[in-house]
Amino acid sequence: MDDIVNIGLRGMQDGFRRASDDAGRVVSAFQGDEADDAVRSLIDLQIDQRQVEASARVIQVGQELLGSMLNIYA
């Protein structure tokens with residue numbers, strides 16, 4: 001079960017890292033005149049959000065599986 005949680009944590013960390021990078025690109029695009037880059041970066045931010053949400057769900061399912069296994073063995 002630790003592997004499942006670790007996978008979820010790595011996914012969340014990756015999503016947060018990408019979100020930080022994409023947010024920086026949004027700011028840079030709005031400081032210049034690069035609307036297309038801003039739109040693409042905003043879309044990427046939404047993708048990053050979904051990755052973090054999905055990874056959090058992986059952790060939640062891992063914890064639920066662990067709880068179920070403990071109930072079965074108890």
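Trainee: Is R25 buried, partly exposed or exposed, and what is its relative accessible area?

Mentor: This is a predicted model, in which local features need pLDDT of at least 70, side-chain atom pairs count only at pLDDT 80 or more, and totals for chains, interfaces and linings use all residues. Residues are numbered from 1 along each chain as its sequence is written, and side-chain values use heavy atoms, with hydrogens and water left out. Buried means under 20% relative accessible area, exposed means over 50%, and partly exposed lies in between, with a 1.4 Å probe and protein chains only. R25 therefore counts as partly exposed, with a relative accessible area of 44%.

Trainee: Which residue meets R25 in a salt bridge?

Mentor: A salt bridge is a side-chain nitrogen of Lys or Arg within 4 Å of a carboxyl oxygen of Asp or Glu. Side chains of opposite charge can pair when their charged atoms come close. Here the N to O distance is 2.4 Å, and the partner of R25 is D22.

Trainee: Why are D22 and R25 separated by about one helical turn?

Mentor: Helices are DSSP runs of H or I with at least four residues, and strands are runs of E with at least two, numbered from the N terminus. D22 and R25 are separated by about one turn because in helix α1 they are three residues apart.

Trainee: Is D22 buried or exposed?

Mentor: D22 is listed among the buried residues of α1, including also G8, M12 and V26. What covers the buried residues of α1 includes α2, where contact means heavy atoms within 4.5 Å. At 4% relative accessibility, D22 counts as buried.

Trainee: How far does α1 reach from its first C-alpha to its last?

Mentor: The expected span of a helix is 1.5 Å times one less than its number of residues. α1 has 30 residues, and its reach is close to the expected 44 Å. From first C-alpha to last, α1 reaches 44 Å.
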